Amino acid sequence: SAPPIPEMAAQMAATGNLPKEKLIAMLEDVDGSAGLLSEILADEMAGALENLTRLFSGKPFSFSDTAAVAQELTRKEIDLSLLLEVQKKRLFRRIVADGNLRDLGKIDRISQAQRDLEGNVNKQLVLENLVMELL
């Protein structure tokens, strides 16, 4: 079995350039999977996660900004479903911390977007619609 998340984060912090606290949060996003975290930390995935996190920040974006970020995310060969899973986990932790149950519907909507991405659906359109519905 895998070591506890704080222990894994301490080991990774000693060999990497991210602080332990950030690694703990990121490991929680991937249920303690060091392999998934390594995949996310790869240069292209890290930039994509940062862009997706910006879209999910709750700050208002113009449609053109949303479309530009969605286009950039879909142009790259990355696992969008994995990045959406990370966003769902972050949202769930925020719901638990804040007690704001109104946002539970957002988790369902992200899950629907993941199912859409598994089908033969335009990825950019799925992301654009998702972000516009969640704002």
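**Fold and terms**

Author: This is a predicted model. Read along the sequence, the protein follows the pattern α-α-α-α-α-α-α-α.

Reader: What makes the protein as compact as a globular protein of that length?

Author: The globule rule gives 14 Å for 135 residues, and the radius of gyration of the protein is 15 Å, close to that value, so the description holds. Along the principal axes, the C-alpha trace spans about 40 × 35 × 25 Å.

Reader: How many helices and strands does the protein have?

Author: There are 8 helices and 0 strands. One of the helices is α5, residues 63–75, and Val69 is found there.

Reader: Why is Val69 counted as buried?

Author: Buried means under 20% relative accessible area. Val69 has 6% relative accessibility, so Val69 counts as buried. Buried residues make up 34% of the 135 residues in the protein.

Reader: Which residues is Val69 in contact with, leaving aside neighbours within four places in sequence?

Author: They are Asn51, Arg54 and Leu55. Contact means heavy atoms within 4.5 Å.

Reader: What share of contacts between residues at least 6 apart in sequence join residues at least 24 apart?

Author: The share is 55%.

Reader: How many positive and negative side chains are there?

Author: The protein has 16 positive and 21 negative side chains, and the centres of the two sets lie 4 Å apart.

Notes: Residues are numbered from 1 along each chain as its sequence is written. This is a predicted model: local features need pLDDT of at least 70, side-chain atom pairs count only at pLDDT 80 or more; totals for chains, interfaces and linings use all residues. Side-chain values use heavy atoms; hydrogens and water are left out. Helices (H or I, at least four residues) and strands (E, at least two) are DSSP runs, numbered from the N terminus. The radius of gyration is taken over C-alpha atoms; the globule rule is 2.2 Å times the number of residues to the power 0.38. Buried means under 20% relative accessible area, exposed over 50%, partly exposed in between (1.4 Å probe, protein chains only). Lys and Arg count as positive and Asp and Glu as negative; His and the chain ends are not counted. The place of a charge is taken as NZ of Lys, CZ of Arg, CG of Asp or CD of Glu.
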